[in-house]
Structures are given as structure tokens and as C-alpha cells.
Amino acid sequence: MSKAESIVIAVDGTAASGKGTLAKKLAAHFGFAHMDSGALYRLAALSVLETGGDPKNEADALRGAQTIDFNRAGDPKIRTDIVGQAASYVAAIPAVRTALFEFQQSFLTNPPGGSPGAVMDGRDIGTVICPGATAKLYVDARLDTRARRRWAELKAMGIRRTEQDVVAELGCRDEADKARPISPLKQAEDADLLDTSNLGIDAAFAAALALISPKVAKVLESALKDRHRG
Ligand code: C5P
């Protein structure tokens, strides 16, 4: 399969909807590479905060995006609510998105490790980063459900917040992500909606697989036919 034909699964959705977990599981299932694009914005925000910058200031935010330390992608610090909020601020700045655009696109067109495909989760993967993705999922859930999940994650990290605080933070971040002029969070016209409000991880994964597998299989079949013809 040529590089141009690499399979792309775009998983967009609201904060704490379960899209990250689903994207990881889908990548493992198909043997594809995975990127959590939210981590890029969180790392940029972390860099801004740690250098005493203002995440809403264009020059500070751009410097943050240009000084991302990829070795810290697994740093629990990027998962805090403070960094999440700052990530939403830097992500609304066009220069930041431009700085990170090519990195994301080349990951999808040329997945690492020679993988035949890639799964990327975020807010604008199916709409802006890869509008021609093989399959697109838009993951959402009721705000109270998402807040309860995020509250439990924060608690496990030793961060104590009331559920009301988490509801307010997620609601505010989603609103800002949906309302921003550049790359707003929205469901792509050709994306399948998956509401995980009443689904556990296994059920959500089964539902995602049922939506995505036929699309991936179609591309793999036609690539096989091309190979036999060639
Ligand atoms: O997905 P996660 O909650 O980690 O993303 C943190 C923030 O990064 C989001 O609230 C959003 O503002 C921003 N983001 C984005 N575009 C992406 C991924 C994340 O704007 N593709």
C-alpha cells in the first residue's frame, strides 16, 4: 500500500467523552499508529505555564507550541484541569494551530513504524486535519456523565474537585471549543455519531467497531485488489 493510501480513522468529540480510550483501542485492534492530538495542545500549554507566560497571549502561546517537549507526553501534569483549560486557550490561537498542522498531517499520511494506518483523536481531525479520512467518529455523552468520569480521573491523580466544578470546567471548555472561529469542534457531515452516555468502555468499543470496520475493510479490500492487478 502506498503512503498516500494510508488508512485514517478520525475520532473527534467533546472533552471526557471517551474518545481517547476508543481511539487507543481502535489503533490496537487494527494495528495502526495512534496520536492523541489534545496532548499537543496540552504540552504547548504546559510550556507556556511553566515559563510564566499567558496562554491567551499569541506570542506566548506560539512559543509554547514551538517548544513542545514530546518526551513529556506521558507526564501526568498535562492531564490536570488547569492545563486542560490553558490548552483550550492556546488552541484558539490560529498561529498555534498552523504550527501544529503539518506535524499532525504527516503523522496521518506517513504513520510511524510503517503502519498501514493511523488513528487520531481530537476536535478537528475529521473536519480540518484530514477531511478525507477513511472513517470518522464523533463521540459525545451527556455533560453530567462526562463530568463524573473526569472527576474520577482527577481524583485518581490526587486532584480534588467537586463534581460541580468539573461540570463547569468541561461545559465552559466545550463551549469555547465549539464557538471559536478557527477549527471549531463540530461533527463532520460524514462522521458517525457515537453517544457513550449509557455505554461502558467495552460496549462503546463494540459500537465504534461496528461503525468503522466496514469502512476500513472496504479500503483494505480495494488495496488488495490493486496489488493483485499490479
Ligand atoms: O482532548 P483534550 O481534552 O486533551 O484537549 C485539550 C484541549 O485541546 C481541548 O479543550 C481543545 O481546546 C484543544 N484541542 C484542539 N484540537 C484538537 C485537540 C485538542 O483544539 N485536535
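1. Basis. Because the model is predicted, local features need pLDDT of at least 70 and side-chain atom pairs count only at pLDDT 80 or more, while totals for chains, interfaces and linings use all residues. Residues are numbered from 1 along each chain as its sequence is written, and side-chain values use heavy atoms, with hydrogens and water left out.

2. Strand E1. Helices (H or I, at least four residues) and strands (E, at least two) are DSSP runs, numbered from the N terminus. Seven of the seven residues of strand E1 (residues 7–13) are buried, so E1 is largely enclosed by the rest of the structure. Buried means under 20% relative accessible area, exposed over 50%, and partly exposed in between (1.4 Å probe, protein chains only). On one side of E1 the buried residues are Ile-7, Ile-9, Val-11 and Gly-13, and on the other Val-8, Ala-10 and Asp-12.

3. Strand pairing. Two strands pair if DSSP finds at least two bridges between them. E1 runs parallel to E3, with six bridges, and Ile-9 has Val-119 as its bridge partner in E3. E1 also runs parallel to strand E4 (residues 135–140), with five bridges; here Asp-12 is partnered by Tyr-138. Four bridges join E2 to E3, again parallel, and Val-119 is the bridge partner of His-34.

4. Largest pocket. A pocket is found on a 1 Å grid over the protein atoms alone, as an open set of points where a 1.4 Å probe fits, with protein on both sides within 12 Å along at least five of seven lines; lining residues have an atom within 4 Å of a point. The volume, the space filled by probe spheres set on the points, is about 870 Å³ for the largest pocket. Its lining has 38 residues, and Ala-16, Lys-19, Gly-20, Arg-79 and Arg-150 lie nearest the centre. Elements that give two or more residues include helix H1 (19–30), strand E2 (33–36) and helix H7 (143–156). H1 gives the most, with five residues.

5. The lining divides into eleven nonpolar, twelve polar and 15 charged residues. Ala, Val, Leu, Ile, Met, Phe, Trp, Tyr, Cys and Pro count as nonpolar, Asp, Glu, Lys and Arg as charged, and the others, Gly among them, as polar.

6. Aromatic pairs. The whole structure has two aromatic pairs. Rings of Phe, Tyr and Trp (its six-membered ring) pair if their centres lie within 6.5 Å; planes under 30 degrees apart count as stacked, over 60 as edge-to-face and the rest as tilted. Phe-30 and Phe-32 are stacked, 5.4 Å centre to centre with 20° between the planes. Phe-32 is buried, at 9% relative accessible area. Phe-70 and Phe-103 are tilted, at 5.0 Å and 35°. Phe-70 lies in the loop between helix H3 (58–66) and H4, and Phe-103 in helix H5 (residues 94–109), so the pair ties together parts 33 residues apart in sequence. Phe-70 is partly exposed at 44%, as is Phe-103 at 35%.

7. Charges over rings. A charge sits over a ring if NZ of Lys or CZ of Arg is within 6 Å of the ring centre and within 35 degrees of the ring normal. The charged end of Lys-25 sits over the ring of Phe-205, 5.2 Å from its centre. Lys-56 lies over the face of Tyr-89, 4.4 Å from the ring centre.
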